[in-house]
Amino acid sequence: MLFEELRFHHLNLDSFKTRHIQHCILKMPISDVLSDLTIEVGSASFALHKFPLVSRSGRIRKLLLEAKDTKVSRINLTGLPGGSDAFELAAKFYYGVKVEITISNMALLRCAARLMEMIEDISEKNLETRTEVFLKDAVFPNISNSISVLHRCETLLPVSEEVNLVS
């Protein structure tokens, strides 16, 4: 019986330590940690941290895993619709900054989410799912909003077609 009580307390302590460590990591100002990855999108460069990126982006995760150099410090992203503007919004989302999805940025975010593989398999409530909810709640029920989003899709072709925004 004593052994069972000790084991129970040990499990609770482990659970407490895990929650405490997660809490500390979330509260740690990541800006105090030197960036370890530079993402280049067009002419813009973003000095970021690998952990937030790989925890939300399947594409970044794959690029880092496929790299021959294990100490990759620079990635060049080509073909991202919306370019650096799209990546900047995605980067804010990676870091947990509340990114407001609006009629004017929804198509851009949806395309970026698909190309950056920001899907549920990678992280819960990821960007692709959030744009899907916004589409269903704010775009589809309103013809004016639907037309506005379709208009913004023109500059994001052919990706906007691939992510089923146009259809």
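Helices (H or I, at least four residues) and strands (E, at least two) are taken here as DSSP runs, numbered from the N terminus. The model is a predicted one, so local features need pLDDT of at least 70 and side-chain atom pairs count only at pLDDT 80 or more, while totals for chains, interfaces and linings use all residues. Residues are numbered from 1 along each chain as its sequence is written, and side-chain values use heavy atoms, with hydrogens and water left out.

On that basis the protein chain has eight helices and three strands, running in the order α-β-β-α-α-β-α-α-α-α-α. Of its 167 residues, 34% are buried (buried means under 20% relative accessible area, exposed over 50%, partly exposed in between; 1.4 Å probe, protein chains only). Leu-34, in the loop between helix 1 (2-27) and strand 1 (37-41), is exposed at 75% relative accessible area. Its C-alpha atom sits 8.3 Å from that of Leu-48, 14 residues away along the chain.

Next come the salt bridges, each a side-chain nitrogen of Lys or Arg within 4 Å of a carboxyl oxygen of Asp or Glu. By this rule there are five. In one of them, Arg-74 pairs with Glu-40, with 2.5 Å between the closest N and O atoms. Arg-74 belongs to strand 3 (residues 74-77) and Glu-40 to strand 1, so the pair ties together parts 34 residues apart in sequence. Arg-74 is partly exposed at 48%, and Glu-40 is partly exposed at 21%.

Glu-132 also meets Arg-110 in a salt bridge (2.8 Å, N to O). Here helix 6 (residues 127-139) supplies Glu-132 and helix 5 (residues 106-115) supplies Arg-110, so parts 22 residues apart in sequence are tied together. Arg-110 is buried at 6% relative accessibility, whereas Glu-132 is partly exposed at 26%. Glu-132 forms a salt bridge with Lys-136 as well, at 3.9 Å between the closest N and O atoms.

As for the surface, Leu-150, Leu-157 and Val-166 make up a nonpolar patch with about 230 Å² of accessible area together. Patches take residues with over 30% relative accessible area and no salt bridge, joining like charges within 9 Å and nonpolar side chains (Val, Leu, Ile, Met, Phe, Trp, Tyr) within 5 Å; accessible areas come from the Shrake-Rupley method with a 1.4 Å probe, and for residues only the protein chains shown count as cover. Val-166, in the segment after helix 8 (159-162), is partly exposed at 33%.
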